[in-house]
Amino acid sequence: MQPKSPSIQECPVGRAVETVGEWWSILILRDAFQGATKFDEFAQSLGIAPNILSRRLAHLTASGMFARRRYNERPPRYEYVLTDKARDFFPVIVALLAWGNKHLAPKGASIVLANRSDARPFDPIVVDAADMQPITLANTIAVPGPRASRGMRVRLASLKAMNPAVAPAGD
């Protein structure tokens, strides 16, 4: 069932979760970033039931995350190629990996991202492109974008944690 609340439907986070929020979808995208393109590769890596994998691949294709491309005529076989929209999702996977390593790996990280040219491990953070400063809860507020509805403007004005006059919890 899809969310009915306008604050969820209008919110970029809500729309993103609708596209990739189901956990199989995120794992399929993770595997695609690691080079998987074929149904059998996803199925083997994930141990996912074929009917669920078919539905998730169809959804990711319909939502523009994959382009479906035939690679074999007889029998017809397709591969799933990342689109620019999907490649723009890579930083989300990086953030999930960094968060998981920090908070869910008490014995140490099992996967670390590294620089392709010298294998130096990365320490991922989200930064503002203008000044390269980290984006944190302490220095962030949510403001209406140019296409925000009246309802969204009212909702954003009511958010305590995003009000510039209120210090975020933990600070």
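The questions and answers below concern a predicted model.

Q: Is Thr83 buried or exposed?
A: Thr83 sits in the loop between β2 (77-82) and α6 (84-87). Its relative accessibility is 17%. Buried means under 20% relative accessible area, so Thr83 counts as buried.

Q: Which residue has its backbone oxygen 3.1 Å from a polar atom of the side chain of Thr83?
A: Leaving aside neighbours within four places in sequence, Thr83 is in contact with Gly64, Met65, Phe66 and Ala67. The backbone oxygen that lies 3.1 Å from a polar atom of the Thr83 side chain belongs to Met65.

Q: How are helices α3 and α7 oriented to each other?
A: Helix α3 (residues 23-33) and helix α7 (residues 90-103) pack with their axes 11 Å apart, at an angle of about 105°. Angles of 65 to 115 degrees count as roughly perpendicular. The two helices, α3 and α7, are therefore roughly perpendicular.

Q: How many charged residues are in the contact of α3 with α7?
A: Helix α3 contributes Ile26, Arg30 and Phe33, and α7 contributes Phe90, Ile93 and Leu96. Arg counts as charged. By class, the contact has five nonpolar residues, no polar residues and one charged.

Q: What kind of ring pair do Phe66 and Tyr80 form?
A: Phe66 is in strand β1 (residues 66-72) and Tyr80 is in strand β2, 14 residues apart. Both Phe66 and Tyr80 are buried. Their ring centres are 6.0 Å apart and their planes are at 65°, so the pair is edge-to-face.

Conventions. Residues numbered from 1 in each chain as written. Predicted model: local features only at pLDDT ≥ 70, side-chain atom pairs only at ≥ 80, totals over all residues. Heavy atoms only, no water. Helix = DSSP H or I, 4+ residues; strand = E, 2+ residues; numbered from the N terminus. Buried < 20%, exposed > 50% of the residue type's maximum accessible area, 1.4 Å probe, protein only. Polar contact = N/O pair within 3.5 Å; in protein donor to acceptor, adjacent residues only side chain to side chain. Contact = heavy atoms within 4.5 Å. Axes fitted to C-alpha atoms, helices over the stretch in contact; angles between N-to-C directions. Parallel < 35°, antiparallel > 145°, perpendicular 65-115°, else oblique. Phe/Tyr/Trp six-rings, centres within 6.5 Å; stacked < 30°, edge-to-face > 60°.
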